[in-house]
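I keep these notes while looking things up, one topic at a time. The sequence and the model come first, then the entries.

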Amino acid sequence: MKLTVIGCTGSMSGPLAPGSSYLVQEIDEQGREWSIVVDLGPGAFGNLWNYTSPQKIDALFFSHWHADHCSDALSMHVYRRWHPRITFEPLPVYSPGNGLERLRQLDGFSKDDAFNEFIFHDFGVHNGIKVADEVHGQDNLFGKTASEGTANIHLQSDICNEGVAADNRLSDDLSTPGAPITIGPLRIIPYQALHTVPAVSLRIESLISHAVLTYTGDTDMCPGVRAAAKDVDLLLSEAGFTDDDPCRGVHLSGVRAGQLAAEGEVGQLVLTHIQPWTDLQVPLNEARSVFQGKVKIAQMGDIFQLGD
């Protein structure tokens, strides 16, 4: 299984890389290469062309619908709708919340655009917002309503309460994963994350090499990300904050990412989603202070080969 860093700047595009985006690929037993893209932040779609053709993508996954993780979904939409020589089949899109409605908001052209280039699937993570199991006909892959355990994940009024241990507000049942999705030889398992909007961490397993990686997405420490990170070969962890930031319930710091890696006994830790104004050495040193394994800062174009 191969992981390629398409973009890794935190909260925006930056001088060294586009916003968050990661290409995961695996070759099946018949020799066919399967490719998924996880997040498409600002500038990521253009950079994706440097590593594979966009027409070869088999599915899109979004950790959440903040613009710094999804704005270039519109570029993929335009590419697939208006390409003069290729007629595309609809591309599966997996996300927490209503992906169709979010793309309509980003596009701003028509509230009735069906975005037929995509088939939307909802993970069913709703972060305290009471919603039905189905949102505009989308599948709910967690198979439960907000009243069945997701309603108290995290409320807007709780954000940035200095000194509040965010993950203490979560109950242990939130470590239960959602339904796995299989894309060729890849199995993707969503876990509920702790952020300001509905969000997931994604555990990605190769059915060929049995390699496992977890992408935290944007999250603070919580039962879901702890479960997702257990015993993985590579933990791709955001470190949007440093330990000097008192805000909780939004991002991990280098220290908390290191703690997550140590608790999960991961093979290696790769820190991503670092703000462009942050000295990269700060989260790196923070993580190394609590995790004794291999740690590096994600850089655009990094390639990690996992498994046999």
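Which residues does I36 touch, not counting residues up to four places away in sequence? I find Y22, L23, V24, A59, F61, I183, L186, I188 and I204. Contact here means heavy atoms within 4.5 Å.

I am working with a predicted model, where local features need pLDDT of at least 70 and side-chain atom pairs count only at pLDDT 80 or more, while totals for chains, interfaces and linings use all residues. Residues are numbered from 1 along each chain as its sequence is written, and side-chain values use heavy atoms, with hydrogens and water left out.

Entry on cores. I looked up the largest nonpolar core, which has 29 residues. A nonpolar core is a set of buried Ala, Val, Leu, Ile, Met, Phe, Trp, Tyr and Cys residues joined through side-chain atoms within 4.5 Å. Buried means under 20% relative accessible area, exposed means over 50%, and partly exposed lies in between (1.4 Å probe, protein chains only). I36, F61 and I204 touch the most other members of this core. Strand β10 (residues 200–206) gives the largest share of the core, 3 residues. Helices (H or I, at least four residues) and strands (E, at least two) are DSSP runs, numbered from the N terminus. I also noted a second, separate core of 24 residues, which includes L23, C70, F88 and F120.

Entry on rings. How many aromatic pairs does a search of the whole structure find? I get 8. Rings of Phe, Tyr and Trp (its six-membered ring) pair if their centres lie within 6.5 Å; planes under 30 degrees apart count as stacked, over 60 as edge-to-face and the rest as tilted. W49 and Y79 form an edge-to-face pair, with 5.5 Å centre to centre and 85° between the planes. This pair links distant parts of the chain, 30 residues apart: W49 is in the loop between α1 (44–48) and β4 (59–61), and Y79 is in helix α3 (residues 73–82).

Is W49 buried or partly exposed? I put W49 down as partly exposed because its relative accessibility is 48%. Y79 has 10%, so Y79 counts as buried.

Why is the pair of F118 and F120 edge-to-face? The ring centres are 5.9 Å apart and the planes are at 75°, so the pair falls in that class. F118 is buried at 5% relative accessible area, and F120 is buried at 10%.
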